[in-house]
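Please look at the structure before reading on.

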Amino acid sequence: MVFLGCKALSQSSPTPEPLDGTLTSRYECKYLVTEMVAERIRRFIAPFMRLDPYSQKRHDLRYPVYSLYLDSPRLTLYGDTVQGVRNRFKLRLRYYTQEGDGPVFFEVKKRSDQIVNKSREASDWQAAQKFLKNGHHDAAEFIDCCDRVGAVPAMRIRYMREAYECAGHAPVRLTFDTDLHHCIVSDYDLTESRPNWHPTPVSGVILEIKFTERKPLWVDELVHVFELYKQSVAKYVRSIDSVADRGAMHALQAKLSMSAPWRFASAE
């Protein structure tokens with residue numbers, strides 16, 4: 001079935017990325033575009049989409065996104081993505097403020113061929129901090145995946161996001177991501193006490209379009225009109241590559257090798 005358009009918005013979600021609940025199983029297409037093309041795309045989607053509630057609140061339409069990625073000491077999850085392993089996953093804590101007063105999401109992002117399945121469990125700041133200290137939490141799937149690869153905190157990533165959603169619960173979300181930065185984890189804490197942020201080189205604006213099999217016809221027209229070519233723009237992979245490019249891979253590997261392995265368990 002194909003949606004021809006979008007219906008009226010019924011209610012706003014209290015957490016960022018409100019459509020993620022309906023797009024837990026989805027297609028995810030990424031493109032790199034110039035700012036000029038991004039502006040043309042904004043005009044193109046105006047009849048079909050609206051700013052999400054969080055972009056609406058920002059004077060420049062962009063809000064910060066923070067992610068703390070976990071990986072094995074051998075960077076197994078990074079390697080799986082680089083090698084294009086058919087069934088793979090990423091582990092991250094995602095949050096939208098560093099003030100300690102917002103939710104923290106435990107995310108397992110699985111990919112099987114072209115299908116992305118995302119498990120996203122909300123937690124509070126204190127519970128997430130406790131997890132970083134001792135590896136315990138009640139996000140069972142997240143803990144199981146951590147245990148499977150012996151994951152530890154590896155890389156912090158931040159960027160600014162401008163997000164659009166179809167009205168109502170139509171299954172389409174479009175985002176523009178800019179100002180990508182990364183930082184090797186030195187503290188098991190949501191807020192880095194010794195931040196050493198570096199820009200992650202990206203040649204353009206990262207455009208992401210997420211949809212289910214019921215994508216509207218205008219999505220295909222958008223891709224055709226702007227001659228968009230899907231490509232891999234994995235922020236975690238590009239950040240690790242940037243670490244290697246500036247000759248700091250030894251610092252990351254040393255940090256991971258010194259990280260004491262957690263004994264993962266569901267919180268009681």
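In this predicted model, 28 residues line the largest pocket, and Glu28, Lys30, Arg88, Arg111 and Ala234 lie nearest its centre. A pocket here is an open set of points on a 1 Å grid over the protein atoms alone, with protein on both sides within 12 Å along at least five of seven lines, and a lining residue has an atom within 4 Å of a point. The elements that give two or more residues to this lining are β1 (25–33), β4 (87–95), β5 (104–112), β8 (152–166), β11 (205–211) and α7 (235–245). Of these, β4 gives the largest share, five residues. Helices (H or I, at least four residues) and strands (E, at least two) are DSSP runs, numbered from the N terminus.

A cavity is a set of grid points where a 1.4 Å probe fits but cannot get out. The count is one cavity of 30 Å³ or more. The residues that line the largest cavity are Tyr66, Ser67, Tyr95, Gln98, Arg156, Ile157, Leu190, Glu192 and Trp197. Two or more of the lining residues come from each of β3 (63–71) and β8.

| Space | Volume | Lining by class |
|---|---|---|
| Largest pocket | about 510 Å³ | eight nonpolar, four polar, 16 charged residues |
| Largest cavity | about 30 Å³ | five nonpolar, two polar, two charged residues |

A volume is the space filled by probe spheres set on the points, which are joined across faces, edges and corners. Ala, Val, Leu, Ile, Met, Phe, Trp, Tyr, Cys and Pro count as nonpolar, Asp, Glu, Lys and Arg as charged, and the others, Gly among them, as polar.

Residues are numbered from 1 along each chain as its sequence is written, and side-chain values use heavy atoms, without hydrogens and water. Local features need pLDDT of at least 70 and side-chain atom pairs count only at pLDDT 80 or more, while totals for chains, interfaces and linings use all residues.
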